[in-house]
Amino acid sequence: MAYDLEEQEQLATLKGWWKDNGTSVLVVLAAVAIALAGWLGWRNWQAGQAQQAAALYDSLQKALQSNDAKSVRDAGGSLVEGFPRTLYASMGALASARFHIERGDPKSARAQLQWVVERSSSEELRDLARLRLAGVLLDEKAHDEALALMDAKQEAKHAPAMAAQYAALKGDILVAKGKPAEAKAAYRLALEKSDERSGAFRASVQLRLDALGG
């Protein structure tokens, strides 16, 4: 009997607590359920976006291999317009830029590279695009614009390999501007920042440095 009375007291206490707090509990549970549903929906949407972007990137690669300029533009344009936050868009823009450079269309290449510099979600890809864009500007003899682009990114923030590439290209730009002393300093920095295993790169930089008198 005592046991039954204790159970009844506990049940009464629980009923009283639920009367006072039940509504708040249900509100919290509903909020959690809505948040979870939203999170799952967002994850599914992201997965769908990535899948569609991957398919477009595959189409772009096939167009590049077949040297189909129209398909390259169509697939590349769809990527950057429809899926700008994906890495596929940035990689596609970089690949399209190389295609345009090889076809002698620096204007289109610049547009693709500038998009990556301004819009890519990947810092590494932004750095790579900035480096390639500066190279295009050098070829077009836009030396001051190329240097400004190089200086827009602080060297200390680059990975070692990227810092070496930046320094070497900066040396090339300074040579083109007729500043051999500054160019030599840039080439020496490129050698300092480069990996000892980067034999071909180091040999190329050393040749350019030697041509300026070491």
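How are H3 and H4 oriented to each other, roughly parallel or roughly antiparallel? The views below, taken from a predicted model, begin with this pair.

**View 1. Helices H3 and H4 cross each other.** Helix H3 covers residues 87-102 and helix H4 covers residues 106-119. Their axes come within 8 Å, and the crossing angle is roughly 160°. Angles over 145 degrees count as roughly antiparallel, and H3 and H4 are therefore roughly antiparallel to each other. The crossing in which H3 passes H4 is left-handed.

**View 2. Residues of H3 meet residues of H4.** On the H3 side, the residues in contact are Ala89, Ser90, Ala93, Leu94, Ser96, Ala97, His100 and Ile101. On the H4 side, they are Ser108, Ala109, Gln112, Leu113, Trp115 and Val116. Nine of the residues in this contact of H3 with H4 are nonpolar, five are polar and none is charged.

**View 3. Asn67 sits in the loop between helices H1 and H2.** Helix H1 spans 2-65, and helix H2 spans 69-82. Asn67 is not a glycine, yet its phi is positive, at about 60°. Most residues other than glycine have a negative phi. With a relative accessible area of 47%, Asn67 is partly exposed.

**View 4. Lys141 sits in the loop between helices H5 and H6.** The loop joins helix H5, at 123-139, to helix H6, at 143-151. Lys141 is a residue other than glycine with a positive phi, near 65°. Its relative accessible area is 65%, so Lys141 counts as exposed.

**View 5. Asp210 belongs to helix H9.** This helix runs over residues 199-211. Asp210 has a relative accessible area of 44% and is therefore partly exposed. Lys184 is 26 residues from Asp210 in sequence, and their C-alpha atoms are 8.9 Å apart in space.

**View 6. The whole protein is shown for context, with its nine helices and zero strands.** Read from the N terminus, the order of elements is α-α-α-α-α-α-α-α-α. The protein has 214 residues, of which 33% count as buried. Its accessible surface is about 13200 Å², and carbon and sulfur atoms hold 56% of that area. Of the contacts between residues at least 6 apart in sequence, 52% link residues at least 24 apart.

Conventions. Residues are numbered from 1 along each chain as its sequence is written. This is a predicted model: local features need pLDDT of at least 70, side-chain atom pairs count only at pLDDT 80 or more; totals for chains, interfaces and linings use all residues. Side-chain values use heavy atoms; hydrogens and water are left out. Axes are lines fitted to C-alpha atoms, for helices over the stretch in contact, and angles run from 0 to 180 degrees between N-to-C directions. Helices (H or I, at least four residues) and strands (E, at least two) are DSSP runs, numbered from the N terminus. Angles under 35 degrees count as roughly parallel, over 145 as roughly antiparallel, 65 to 115 as roughly perpendicular and the rest as oblique. A crossing is left-handed if the near helix is turned anticlockwise from the far one by less than a right angle, and right-handed if clockwise. Contact means heavy atoms within 4.5 Å. Ala, Val, Leu, Ile, Met, Phe, Trp, Tyr, Cys and Pro count as nonpolar, Asp, Glu, Lys and Arg as charged, and the others, Gly among them, as polar. Buried means under 20% relative accessible area, exposed over 50%, partly exposed in between (1.4 Å probe, protein chains only). Accessible areas come from the Shrake-Rupley method with a 1.4 Å probe; for residues, only the protein chains shown count as cover.
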